Number of protein chains: 2
Amino acid sequence: MCQLLGMNCNTPTDIVFSFTGFATRGGRTDEHKDGWGIAFFEGNGVRHFVDHQPAVSSPVADLIKRLPIQSKNVIAHIRKATQGEVMLENCHPFVRECWGRYWVFAHNGDLKEFAPELDGSFLPVGTTDSERAFCFILQQMRHRFGRTLPALPELTSFLRGIASEIAAFGTFNMMLSNGEALFTHCSTKLHYIIRQYPFTTANLSDEQVTVDFAEVTTPDDRVAVIVTEPLTSDEIWTQFAPGEMKVFVDGKVQTELLA
Amino acid sequence: MCQLLGMNCNTPTDIVFSFTGFATRGGRTDEHKDGWGIAFFEGNGVRHFVDHQPAVSSPVADLIKRLPIQSKNVIAHIRKATQGEVMLENCHPFVRECWGRYWVFAHNGDLKEFAPELDGSFLPVGTTDSERAFCFILQQMRHRFGRTLPALPELTSFLRGIASEIAAFGTFNMMLSNGEALFTHCSTKLHYIIRQYPFTTANLSDEQVTVDFAEVTTPDDRVAVIVTEPLTSDEIWTQFAPGEMKVFVDGKVQTELLA
């Protein structure tokens, strides 16, 4: 199994604090040492870092912990290999382009005998069930909506449908973003928190690190952090229900989309 | 204009020496300070780093200069913006997937009124003529060869044709790799060198750095380096002819492919 971390904000924010705790699970406080990756949207561009070394000892992960890259949408992943060898091409998140936008995807869980028909428009490079699922989602999405990105309600409804279709093959905790919205689906385990004014301090569970968010934010900032297991010991995280999908835009859950 | 750097080897090799000289042109010894990028194939995977900061002062470029990433195919680029703003999504190299492989592309030069019809299978995310050309190449390539990667002679012949078609719109110095071959096309300026046994020492032109390749290689190693302007002051670089295409595999020019 693996762990997922996502961030969605209304203003570009760095993920140094959360990633520091998360990366520690990549070989020190937890066993997810078969590679890791992170993707940051910056405008329409994406900074994408993957490494098959454990996150806890990777020089690239070390850079990410020191470099406050500002982003409104981030997806990160630490891997414990189940399907697919420990190789760079099997590290999440995966990136593809559709409709002139980048799409970023990461998955936690195991899909059994998931072999959808792929028409060649999006094909996996590696050997994971996860990348296969991502390619299938993009293929069906383009098939369904043709040549233009649909409005968020239509897109959400489509993604909810296909996520539950894929989840029937096993465990499908996933995060997907096109740089505007962060789509999340929970099969078994996912938690989130919204940090907004008035900001408080928080302590990481996996490292001796404390941050006073009031010092590094403005009153208008709003940040949603979504993660497999809560990252802090002194905040209240909300657990997703099994089968639940949530969409985050500007640091807010878009509940009306899934009413 | 911009500058290009490519490496193709018969054994995974690090590009630290060449990149160190090259990155210095990204704001210090030359004016290419509007972003930079580099992509390394590693197995079928790709490590892709882009930054809109000048290469000479970017913390990510600094990491690349220190981290000996081993790769058989590398493409790097430093940008001086002509078309498209200084934004992350306009930084080369660009990456797309086709036939379950990643393709990496970088371009130096300006294309005038180049507006090919794109059917939606590959679309640019940014606003450069370069990314448009890359998407057009992939679209036509998949259109021409259907669902499978063709053999190298057919692929080379196709790429030579489309490169000269695109070059009719302006300047098209470019590098393209699928992780096996490195395809290079010269409109105006490109140089290459093959380093092989017996190895010698070399001095960078842009930095006070010397390397004794004999100390860091085995007698079987063969490394081709292709670059806009020669990187070393004491080696003999071969200049491409205008309109020339060269394909490198295992550190060797595949002359028979273009006979």
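Ala23(B) is found in helix α1 (residues 16-24) of chain B, helices (H or I, at least four residues) and strands (E, at least two) being DSSP runs numbered from the N terminus. The model is predicted: local features need pLDDT of at least 70 and side-chain atom pairs count only at pLDDT 80 or more, whereas totals for chains, interfaces and linings use all residues. Residues are numbered from 1 along each chain as its sequence is written, chains are lettered from A and ligands numbered from 1 in the order in which they are written, and side-chain values use heavy atoms, with hydrogens and water left out.

With a relative accessible area of 0%, Ala23(B) is buried (under 20% relative accessible area, with exposed over 50% and partly exposed in between; 1.4 Å probe, protein chains only). Residues up to four places away in sequence not being counted, Ala23(B) touches Ala55(B), Val56(B) and Lys65(B), contact meaning heavy atoms within 4.5 Å. A separation of 9.8 Å is found between the C-alpha atoms of Ala23(B) and Gly37(B), which lie 14 residues apart along the chain.

In chain B, helix α3 (residues 129-145) has its end C-alpha atoms 24 Å apart, in agreement with the 24 Å that its 17 residues should span at 1.5 Å a residue; the expected span is 1.5 Å times one less than the number of residues. Of these 17 residues, 13 are buried, so α3(B) is largely enclosed by the rest of the structure. Gly146(B), with a positive phi near 70 degrees, follows α3(B).

In chain A, helices α1 (residues 16-24) and α2 (residues 59-66) pack with their axes 8 Å apart and at an angle of about 150 degrees. Axes are lines fitted to C-alpha atoms, for helices over the stretch in contact, and angles run from 0 to 180 degrees between N-to-C directions. α1(A) is therefore roughly antiparallel to α2(A) (over 145 degrees; under 35 counts as roughly parallel, 65 to 115 as roughly perpendicular and the rest as oblique). Val16(A), Phe19(A), Thr20(A) and Ala23(A) of α1(A) meet Ala61(A), Ile64(A) and Lys65(A) of α2(A).

An open sheet of six strands in chain A has the order β5-β6-β7-β8-β14-β15, with antiparallel pairing; two strands pair if DSSP finds at least two bridges between them. β5 (94-98) and β15 (252-253) of chain A stand at the edges with a single partner strand each, so one side of each lacks a neighbour in the sheet. Strands β7 (residues 173-177) and β8 (residues 181-185) of chain A run antiparallel and are joined by four bridges; Met174(A) has His185(A) in β8(A) as its bridge partner. Helix α3 (residues 129-145) of chain A lies across β5, β6 (101-108) and β7 of chain A, at about 15 degrees to β5(A).
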